Amino acid sequence: MANTSPNAALIKGAAVANKNYDNAPGMYAGIDKATKSISDSVMNVAKEKKAKKDAIDKGWNKAKDSVLESYGSFKTTVDYDFTFDELKGLKEELYAAQNENPPNQKVISSVNMRMNGIKSGIDDDVELRKTLATMDHSKAMSDNEKEILTAFQNENYTLSRNENGDKEYNINGNKYTKAQVEDLHIPQNPDYSNNFTKVFARNAKSRKWSRPVVESEIKSIMPKKTDIKGLRAFTADGVMDQSFSDMLEFDNRLKMEIDDVLKNDPRFDTDDTPGISEDEFIMMKQALTDPDHEIWEGDQNKWAEVTHPLLVDRLANSIRNDHQKNNPNATKDMDEAGANNYYL
């Protein structure tokens, strides 16, 4: 089997450590050491990741608080110096145009328009900084996205303009326009959970069950496949206090139920054994909750194509399960075939 899961080797190692070595005297000490080594390794990696994530979150929250204190205004001279240099150049261009005989009205109008654009851009920058500082962000935001936005809020960048005249923020060796910076932020949207709760309550309490109707209602309140940011927020923030990751982690029927869906997908079924193996299942759960997982080859649309229908299915199943509890006699008067097909 191809080792497609980062933790697959550790999982296999733990399985080996649990084998029966009754007929191999002296093996227990070695097994204990190996198991402890694996455990320590996993714990150390987890601690390092948590420490890094905590530091990033702390920096992000501190930057937001700082922006709110200044009500979005700049605290360094980076933007002021850049704007001063630009206005100085425009002033010289304006002065030259005014002193032509007759004055060059076309250039004068162009300079005035660019000056107004600079002022408007600064106002937009301040407003964006305030917006990012006041909006609650989704759990879907990656550490990298938070780090970039933290640098933006702290004004840890240099400025330039691209060939289209758009101002660019040079952060950690990469350039971002204002639109690209804004697009990195993923806001929370409580409407997703609120609307699903209504769909859940209405259908779980209904006397009749119709899976097509339930799935249609779920799709109507979910972000579309094309709304990548919305879908990321929906899967990470979850509904009714449960994220998509929680659903995948704690549903012991999931592997069996989705085996038929993904067992012939070469991205998930990577070996010659029938269906999705345990290692492949672990990797699959990681990929389904991470739109930037290497399996999607840098294309979050591929992630959405697979995740969206699976999420609809899991949410429909949660409603079905509650409907069965509320209606224990729903299939009482049906023949076996009808009863078996009723909740499909």
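User: Which residues of helix 5 are buried?

Analyst: This is a predicted model. In it, helix 5 spans residues 143–153 and is mostly covered, with eight of its 11 residues buried. Those buried residues are Glu 145, Lys 146, Ile 148, Leu 149, Thr 150, Ala 151, Phe 152 and Gln 153.

User: Which residue with a positive phi follows helix 5?

Analyst: Helix 5 covers residues 143–153. The phi of the residue in question is near 60°. That residue is Glu 155.

User: How is helix 4 oriented relative to helix 5?

Analyst: Two packed helices are described by the angle between their axes and the distance between the axes. Helix 4, residues 105–134, packs on helix 5 at an angle of about 130°, and the two axes lie 11 Å apart. That angle makes the orientation of helix 4 to helix 5 oblique.

User: What is the handedness of the crossing of helix 4 and helix 5?

Analyst: The helices pack with their axes 11 Å apart, at an angle of about 130°. As helix 4 passes helix 5, the crossing is left-handed.

User: Which residues of helix 5 meet helix 4, and how does the contact divide by class?

Analyst: From helix 4, the contact draws on Leu 128, Arg 129, Leu 132 and Ala 133. Their partners in helix 5 are Leu 149, Phe 152 and Gln 153. By class, the contact of helix 4 with helix 5 comprises five nonpolar, one polar and one charged residues.

User: What geometry does the ring pair of Phe 152 and Tyr 169 have?

Analyst: The structure holds seven aromatic pairs. In the pair of Phe 152 and Tyr 169, the ring centres are 5.2 Å apart and the planes stand at 80°. Planes over 60 degrees apart count as edge-to-face. The pair of Phe 152 and Tyr 169 is therefore edge-to-face.

User: How many residues apart are Phe 152 and Tyr 169, the pair that links distant parts of the chain?

Analyst: Phe 152 belongs to helix 5, whereas Tyr 169 belongs to strand 2, residues 167–171. Ring pairs also join both of these residues with Tyr 157 in a cluster.

User: Are Phe 152 and Tyr 169 buried or exposed?

Analyst: A residue counts as buried under 20% relative accessible area. Phe 152 has a relative accessible area of 1%, and Tyr 169 has a relative accessibility of 0%. Phe 152 is therefore buried, and Tyr 169 also counts as buried.

User: How are helix 8 and helix 13 oriented to each other?

Analyst: The axes of helix 8, residues 211–221, and helix 13, residues 300–326, come within 10 Å and cross at roughly 125°. The crossing is right-handed. With that angle, helix 8 and helix 13 are oblique to each other.

User: How do the residues in the contact of helix 8 with helix 13 divide by class?

Analyst: Helix 8 contributes Arg 211, Val 214, Glu 215, Ile 218 and Lys 219. Helix 13 contributes Val 312, Asp 313, Leu 315, Ala 316, Asn 317, Ile 319 and Arg 320. The division is six nonpolar, one polar and five charged.

User: What share of the 344 residues in the chain is buried?

Analyst: The secondary structure of the chain comes to 14 helices and three strands. Of contacts between residues at least 6 apart in sequence, 65% join residues at least 24 apart. The buried share of the 344 residues is 38%.

Terms used:
Residues are numbered from 1 along each chain as its sequence is written. This is a predicted model: local features need pLDDT of at least 70, side-chain atom pairs count only at pLDDT 80 or more; totals for chains, interfaces and linings use all residues. Side-chain values use heavy atoms; hydrogens and water are left out. Buried means under 20% relative accessible area, exposed over 50%, partly exposed in between (1.4 Å probe, protein chains only). Helices (H or I, at least four residues) and strands (E, at least two) are DSSP runs, numbered from the N terminus. Axes are lines fitted to C-alpha atoms, for helices over the stretch in contact, and angles run from 0 to 180 degrees between N-to-C directions. Angles under 35 degrees count as roughly parallel, over 145 as roughly antiparallel, 65 to 115 as roughly perpendicular and the rest as oblique. A crossing is left-handed if the near helix is turned anticlockwise from the far one by less than a right angle, and right-handed if clockwise. Contact means heavy atoms within 4.5 Å. Ala, Val, Leu, Ile, Met, Phe, Trp, Tyr, Cys and Pro count as nonpolar, Asp, Glu, Lys and Arg as charged, and the others, Gly among them, as polar. Rings of Phe, Tyr and Trp (its six-membered ring) pair if their centres lie within 6.5 Å; planes under 30 degrees apart count as stacked, over 60 as edge-to-face and the rest as tilted.
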